[in-house]
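Please brief me on this protein chain.

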Amino acid sequence: KKGFANNGVPTYTQLSKIEGDGPAWLGAGHMGYKVDLQGATNLTPSFQKGKLDQRLKMIDIIEKTKPHLPQEWIDLRNKAVEMIYGNTSKALDLSQVPQDMIKKYKADSSQIGKDLLIAQRLVQAGASYVNVSLGGWDMHNNISDGFERKGTELDYCLSNLVSDLEIKGLLDKTLIVVASEFGRTHKINTQGGRDHKAACNSLLFAGG
């Protein structure tokens, strides 16, 4: 879905990179908003918002006097301004989040914890679709230690997301989907890991 879900919140937000997760033939207008370092930084003007208001008014006067830009470009700029003034920048700003919530998600030390906390805030702000990725599951060897590390982190942070959405009354209208890349063999290989098995896949659903 193209555009904004609510008050400057993109319909689709990508909190971490996923290969092949692009709009393809739909066009760049359907591309998800990528919350990388540059994407988050771009929501904070390098000068006071009052000065930004003045510049926007001046641009509006110039364009009405002598239009020179295609409407698509004007629409894109208006969307960027809407994001700066809307709820996206607020949802991404964890400096305003109480420390007990930061510690609860381990957002100061866990990337998936930080991403899920932001995802919860984006959903609360009205986002329709938020994509989060947690890599590192390609365990062809020593899967016991690897899964203990990754599985524990995912379980801890994901359970907090589910409980917080329920407390806020958002779980019933939010569908959480945990999808694996593809399945694994049911047998442990000679390196103590599991190999690829594309015919088998694991999914977890919550809420909705």
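Predicted model: local features only at pLDDT ≥ 70, side-chain atom pairs only at ≥ 80, totals over all residues.

The chain has seven helices and nine strands. Its C-alpha trace spans about 75 × 40 × 30 Å along the principal axes. Of its 208 residues, 31% count as buried.

**Helix 3**

- Helix 3 covers residues 71-85, which makes 15 residues.
- At 1.5 Å a residue, helix 3 should span 21 Å, and its end C-alpha atoms are 21 Å apart, so expectation and model agree.
- Buried residues in helix 3 include I74, V81, M83 and I84.
- Helix 3 also holds R77, which takes part in a link to helix 2.

**Nonpolar surface patch**

- L175, V177, L203 and F205 make a nonpolar surface patch of about 420 Å².
- Two elements give two or more residues to the nonpolar patch: strand 6 (175-179) and strand 9 (203-207).
- V177 sits in strand 6.
- The relative accessible area of V177 is 46%, so this residue is partly exposed. The reason is that partly exposed covers the range between the buried cut-off of under 20% and the exposed cut-off of over 50%.

**Largest pocket**

- The volume of the largest pocket is about 1,800 Å³.
- The pocket is lined by 50 residues, and those closest to its centre are V132, V177, V178, A179 and S180.
- Helices that give two or more residues to the lining are helix 6 (111-125) and helix 7 (143-167).
- Strands that give two or more are strand 5 (129-131), strand 6, strand 7 (183-184) and strand 9.
- Helix 7 gives the most to the lining, with nine residues.

**Salt bridges**

- The structure holds four salt bridges. Three of them are described here, including one within helix 2.
- D60 and K64 meet through their side chains in a salt bridge, at 3.3 Å from N to O.
- Both D60 and K64 lie in helix 2 (residues 49-65), four residues apart, which is about one turn of the helix.
- D60 has 35% relative accessibility, so D60 counts as partly exposed. K64 has a relative accessible area of 66%, so K64 is exposed.
- E63 forms a salt bridge with R77, and the closest N and O atoms are 3.0 Å apart.
- E63 is buried, because its relative accessible area is 11% and the cut-off for buried is under 20%.
- D138 and R184 meet in a side-chain salt bridge, at 2.8 Å from N to O.
- That pair also links distant parts of the chain: D138 is in the loop between strand 5 and helix 7, R184 is in strand 7, and they are 46 residues apart.
- D138 is partly exposed, with a relative accessible area of 48%.

**A contact across the sequence**

- K17 lies in the loop between strand 3 (12-14) and strand 4 (33-34).
- K17 and G135 are 118 residues apart in sequence, yet their C-alpha atoms are 9.6 Å apart in space.
- K17 counts as exposed, because its relative accessibility is 69%.

- Most residues other than glycine have a negative phi.
- K106 has a positive phi, near 55°, and is not a glycine.
- K106 lies in the loop between helix 5 (99-105) and helix 6. At 40% relative accessibility, K106 counts as partly exposed.
- N142 is not a glycine either, and its phi is positive at about 50°.
- N142 is found in the loop between strand 5 and helix 7. The relative accessible area of N142 is 43%, so N142 is partly exposed.

Notes:
Residues numbered from 1 in each chain as written. Heavy atoms only, no water. Expected span 1.5 Å × (residues − 1). Buried < 20%, exposed > 50% of the residue type's maximum accessible area, 1.4 Å probe, protein only. Patch = residues over 30% accessible without salt bridge, like charges linked within 9 Å, V, L, I, M, F, W, Y side chains within 5 Å. Areas by Shrake-Rupley, 256 points an atom, 1.4 Å probe, with all protein chains shown as cover. 1 Å grid on protein atoms, 1.4 Å probe; cavity = no way out; pocket = protein on both sides within 12 Å on 5 of 7 lines; lining within 4 Å. Points joined across faces, edges and corners; volume = space filled by probe spheres on them.
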